[in-house]
Amino acid sequence: FLISFISSLIVLVFGFAFGIYCRRYRSKSLGKGVEFLATLPQMLPNIVTGIGLIFLYNAIYKAIPVYRTPAMVVIGYSIILLPGMFSYIKNSLTQLPASLLEAGEIFGKNKLRTDIFVVLPAVFKGSMYGFLMTMIVAFRELITAKLLQAPSFYTLSLYIDFQFEQGDRMAAMALSVVSVGITLLILLPLQFVMKGRKNSDLGE
């Protein structure tokens, strides 16, 4: 759970930064390049991304010793989950009128203040929805975690897979039910809150 939370938090920060940059410079080649990089992991199978990260970790092991540590899984999750978070934030940003950003820059004096006090509150709902959905996906991800697994380190999906390999199917099925239950505990209240806000917006 902690690995999923940390990965989703990292993806939220990078997704917001990339989304803001692409929103401001969408007509420039650099903005389009950043958008391409943010969505690139979505074009690759998770297994290809995982194998590529293994080679990368081996190459930089002496400089950055993350190989065979839980940080491998965090980085792997962050890369494969970034496109989804970027899409959530980008969709929220496209609903903002350009005049709102221009007014924020005029009265806020600089773009950073505009991003913090104008853009961030405006996209907060979409960002939190993307954060929780990303955390659910990370919580259940198996392929990347299995490729980048550190010694004696297990996520819930890895532990379920381990129990199946050991022949303890009852424990594996019980943990699978727990996984589904945790997912529902996160998803159902989220859907209820989002539906309530949508109805209140329509009422106004």
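A residue counts as buried when its relative accessible area is under 20%. Keep that cut-off in mind while you look at this predicted model. The protein has 204 residues, and 36% of them count as buried. Its secondary structure is helices through and through: ten helices and zero strands.

**Asp161, a buried residue**

- Asp161 sits in helix α9, which covers residues 156–165.
- Is Asp161 buried or exposed? Its relative accessibility is 19%, so Asp161 counts as buried, given that the cut-off is under 20%.
- Skip the neighbours within four places in sequence, and Asp161 is in contact with Leu142 and Lys146.
- With Lys146 there is also a polar contact, side chain to side chain, at 2.6 Å.

**The overall build**

- Take the contacts with a separation of 6 or more: 72% of them are between residues 24 or more positions apart.

- Zoom in on Tyr77: leaving aside neighbours within four places in sequence, Tyr77 is in contact with Ile3, Ser7, Ala138, Glu141, Thr144, Ala145 and Thr155.

**The largest pocket**

- Now for the empty spaces: rolling a probe the size of a water molecule over the atoms shows where they are left.
- The largest pocket has a volume of about 280 Å³.
- Eleven residues line the largest pocket, and those closest to its centre are Asn91, Ser92, Gln95, Lys125 and Gly126.
- Two helices, α4 (70–94) and α7 (124–140), each supply at least two residues of this lining.
- Sort the lining of the largest pocket by class and you get six nonpolar, four polar and one charged.

**The second largest pocket**

- The second largest pocket holds about 200 Å³ of space.
- Among the residues lining the second largest pocket are Ile10, Phe14, Phe18, Pro41, Val74 and Leu82.
- Both α1 (2–24) and α4 supply at least two residues of the lining, and α4 has the largest share, five residues.
- How does the lining of the second largest pocket divide by class? There are nine nonpolar residues, one polar residue and no charged ones.

**The cavity**

- The lining of the largest cavity is made up of Ile20, Arg23, Arg24, Leu93, Leu101, Asp115 and Val119.
- Helices α1 and α6 (111–122) each supply at least two residues of the cavity lining, with α1 giving the most, three residues.
- By class, the cavity lining has four nonpolar, no polar and three charged residues.

Conventions:
Residues numbered from 1 in each chain as written. Predicted model: local features only at pLDDT ≥ 70, side-chain atom pairs only at ≥ 80, totals over all residues. Heavy atoms only, no water. 1 Å grid on protein atoms, 1.4 Å probe; cavity = no way out; pocket = protein on both sides within 12 Å on 5 of 7 lines; lining within 4 Å. Points joined across faces, edges and corners; volume = space filled by probe spheres on them. Helix = DSSP H or I, 4+ residues; strand = E, 2+ residues; numbered from the N terminus. Nonpolar A, V, L, I, M, F, W, Y, C, P; charged D, E, K, R; others polar. Contact = heavy atoms within 4.5 Å. Buried < 20%, exposed > 50% of the residue type's maximum accessible area, 1.4 Å probe, protein only. Polar contact = N/O pair within 3.5 Å; in protein donor to acceptor, adjacent residues only side chain to side chain.
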